[in-house]
Amino acid sequence: MILRHTFAPVSNTRLAHLCGPTDEHLRLIESALEVRVAHRHEQFRIEGEATSAQRAMEVLQALYEMAGRPIQRETVQLVLASDPDTPTAEGSGLATRRSDLRARTLNQANYLDAIASHDITLGIGPAGTGKTYLAVACAVDALERHAVQRIVLTRPAVEAGEKLGYLPGDLSQKVDPYLRPLYDALYDLMGPDRVQKAFERQALEIAPLAFMRGRTLNQAFVILDEAQNTTPEQMKMFLTRLGFGARAVITGDVSQIDLPKEQTSGLVEAEQVLRDVAGVSICRFTSADVVRHPLVARIVDAYERHGRFVAAAQAGAASASAPSAKPAKTKSAALAKKKAAPASTARRRSVPKPP
């Protein structure tokens with residue numbers, strides 16, 4: 001299918017920002033959607049499958065509207081990852097310094113709605129789907145609107161397959177490396193200066209999961225990140241910390257569990273236990289919700305296919321190695337055999353011996 005489009009009003013500055021340095025943005029769109037894009041000034045020609053060509057046209061139109069200033073490569077990737085069926089309201093309604101923050105996919109929109117309407121929300125899905133970032137955005141919004149008095153950040157101190165040993169410093173310094181993704185989101189949504197001031201007035205708090213037993217968190221927005229590495233006991237302990245006016249968001253990826261193989265993940269168990277509990281919402285993300293580099297979604301899909309293949313191979317090997325069951329002898333067969341034995345002996349005795 002071939003689509004042709006002429007952008008109006010014509011602006012050489014916008015066209016330059018749309019195409020990027022040496023048409024870098026156009027090459028990125030071609031690679032992501034498997035189409036060919038050619039242009040002569042404001043006249044563009046797109047060739048490819050019908051759905052891909054139409055999607056490329058929508059992406060170009062969206063980028064042209066924001067091409068009043070230079071467009072970063074990350075912005076192009078974000079537009080490509082956005083779901084065209086997601087409602088495109090201006091902004092997200094969240095009080096952060098990111099005016100362009102909004103749900104990029106339908107699952108992200110449902111996730112934001114669930115956080116706003118439920119006291120406990122579970123966000124489960126692969127990396128790059130915005131689970132943690134959107135949770136922090138909702139927490140910052142609640143703090144700015146004075147809906148809560150503080151934000152509490154926590155996560156289990158479990159390394160990703162490596163043992164780092166004892167870390168130097170005080171409690172905050174020991175936990176900081178584990179909470180770096182949450183810090184990055186806070187700095188992006190609030191700015192470093194405001195984050196530092198919030199820590200000084202105790203509006204932001206770092207609470208290691210191991211030290212939360214016995215606490216009651218009132219008027220707080222609590223985020224438990226990397227929850228797939230909690231044990232069932234830790235998860236139950238965390239869920240029962242909520243006090244009056246508190247709200248909790250639990251995020252995790254059950255495909256990246258760093259616990260010992262014999263240990264059950266608290267997030268996996270919580271998803272099963274809390275499925276029908278009122279006031280709890282469980283949101284599932286897929287590779288279609290990934291808003292990082294386009295290659296990340298393909299990597300997630302590849303690992304999911306590999307996992308299904310390994311599981312099927314293991315199931316086939318287990319069924320092949322299972323010992324075949326021997327037929328059980330019935331009581332009637334055993335009794336008939338027992339009765340037949342004396343009769344045959346009597347017949348042998350009645351045969352006369354030769355002279």
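T154 is found in strand β5, which covers residues 150-154. The model is a predicted one. T154 counts as buried, because its relative accessibility is 1% and buried means under 20%.

**The whole chain**
- The chain holds 13 helices and nine strands.
- Its accessible surface comes to about 21,100 Å². Carbon and sulfur atoms own 54% of that surface.

- What does T154 touch, once residues up to four places away in sequence are not counted? Its partners include L179, A207, P208, L209 and M212. I223, L224, D225 and F238 are also among them.
- G252 is found in strand β8, residues 247-252.
- Is G252 buried or exposed? G252 counts as buried, because its relative accessibility is 4% and the cut-off for buried is under 20%.
- Leave aside the neighbours of G252 within four places in sequence. G252 is then in contact with G123, I124, G125, K131, A227, Q228 and L267.
- D225, one of the residues that T154 touches, is 27 residues from G252 along the chain. The C-alpha atoms of D225 and G252 are separated by 6.3 Å.

**A three-stranded sheet**
- Three strands form an open sheet in the order β1-β3-β2, with antiparallel pairing.
- Which strands are at the edges? They are β1 (2-6) and β2 (36-40), and each pairs on one side only.
- Neighbouring strands of this sheet are turned by 15 degrees against each other on average, direction ignored.
- β1 pairs with β3 (residues 43-47) over five bridges, in the antiparallel sense. β2 also pairs with β3 in the antiparallel sense, over five bridges.
- F44 in β3 is the bridge partner of H5. H39 stands opposite F44 too.
- β2 and β3 form a hairpin, with two residues between them. In the turn, H41 has a positive phi of about 60 degrees.
- Helix α3 (residues 50-65) lies across β1, β2 and β3. Its direction is at about 15 degrees to β1.

**Helix α1 and its cover**
- Which residues of helix α1 (residues 12-19) are buried? They are L15, H17, L18 and C19.
- An α-helix has 3.6 residues a turn, so residues three or four places apart point the same way.
- The cover over the buried residues of α1 includes helix α2 (24-33) and α3. Strands β2 and β3 are also part of that cover.
- G20 follows α1 and has a positive phi, near 80 degrees.

- L295, I299 and Y303 make a nonpolar surface patch of about 320 Å².
- I299 is found in helix α12, residues 294-321.
- Why does I299 count as partly exposed? Its relative accessible area is 40%. That value lies between the cut-offs, because buried means under 20% and exposed means over 50%.

Notes: Residues numbered from 1 in each chain as written. Predicted model: local features only at pLDDT ≥ 70, side-chain atom pairs only at ≥ 80, totals over all residues. Heavy atoms only, no water. Patch = residues over 30% accessible without salt bridge, like charges linked within 9 Å, V, L, I, M, F, W, Y side chains within 5 Å. Areas by Shrake-Rupley, 256 points an atom, 1.4 Å probe, with all protein chains shown as cover. Salt bridge = Lys/Arg side-chain N within 4 Å of Asp/Glu carboxyl O. Helix = DSSP H or I, 4+ residues; strand = E, 2+ residues; numbered from the N terminus. Buried < 20%, exposed > 50% of the residue type's maximum accessible area, 1.4 Å probe, protein only. Pairing = 2+ DSSP bridges. Axes fitted to C-alpha atoms, helices over the stretch in contact; angles between N-to-C directions. Contact = heavy atoms within 4.5 Å.
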